[in-house]
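Subject: Structure for you to look through

Dear colleague,

I am passing on the structure below, and I would be glad if you kept it open while you read the notes that follow it.

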Amino acid sequence: TKLIDGVLGVAAPDKVEEVKDAIKAFEGAVGVDIDKDLFSNFGEVVVSYSSPSDGFLGTGAVIAIQVKDGKKMIATIEKLAKAIPQNPLGEVTLKRKAYHGGEIVQLGIAGPQVNSHFATIGIYKNWFVYSQYPQPIKGFILRQEGVLPAWKANESLTKVLARFPSEFNSISISDPRPTV
């Protein structure tokens, strides 16, 4: 919301209060404080990866973000999903399923012309995990539990990484060999 305020302050300063009021009205109607219940629940670590064994042609992509309270995050997402009004395609559905100590939530649309999911969210311990499909989230959970092998830097990469200055807080590594 601060980002929206900042952008509007430059682009349309006369609309800032109007938009703030609209956000407050939405939060009140849904019962969610977007800053407190959603964004402040995220931690400091974000991991993005793609695992060819979890989905081909990029469908194994995962974004995992540390969370402070997974149950609160699921409750917030549930409230937000229920607040989406029915549209011509149908209504937003939420399917929850327990999986190896975590929870997988599939968001979809169900109606007369379509019955499809459009996103999958997982909560496992202190992680919020997003993927388009459930398989990569299941892979994430199984790797955390040691059932599937997790990625580890090999010896040559470890040596290269040791030379990086400590102020770097992000790195991207790509190895196309497993996919090929």
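K24 is exposed, since its relative accessible area is 56%, where exposed stands for over 50% relative accessible area, buried for under 20% and partly exposed for what lies in between, computed with a 1.4 Å probe on protein chains only. Its partner is E27, which counts as buried at 9% relative accessibility, and the two side chains meet in a salt bridge with 3.6 Å from N to O; the term salt bridge is used here for a side-chain nitrogen of Lys or Arg within 4 Å of a carboxyl oxygen of Asp or Glu. Because E27 and K24 are three residues apart in helix α2 (residues 16-30), about one helical turn separates them. In general, an α-helix has 3.6 residues a turn, so residues three or four places apart point the same way.

Please bear in mind that this is a predicted model, in which local features need pLDDT of at least 70 and side-chain atom pairs count only at pLDDT 80 or more, while totals for chains, interfaces and linings use all residues. Residues are numbered from 1 along each chain as its sequence is written, and side-chain values use heavy atoms, with hydrogens and water left out.

By the salt-bridge rule the count comes to eight. One of them joins the side chains of R96 and E78, at 3.0 Å from N to O, and this pair links distant parts of the chain, with R96 in strand β3 (residues 91-99) and E78 in helix α4, 18 residues apart. Helices (H or I, at least four residues) and strands (E, at least two) are DSSP runs, numbered from the N terminus. Both residues are partly exposed, R96 with a relative accessible area of 41% and E78 with 22%.

Buried in α4 are G70, M73, I74, T76, I77 and A81. These residues lie on the same side of α4, because they cover an arc of only 160 degrees around the axis, taken from the directions from the helix axis to the C-beta atoms. On the other side of α4, K71 and K82 are exposed.
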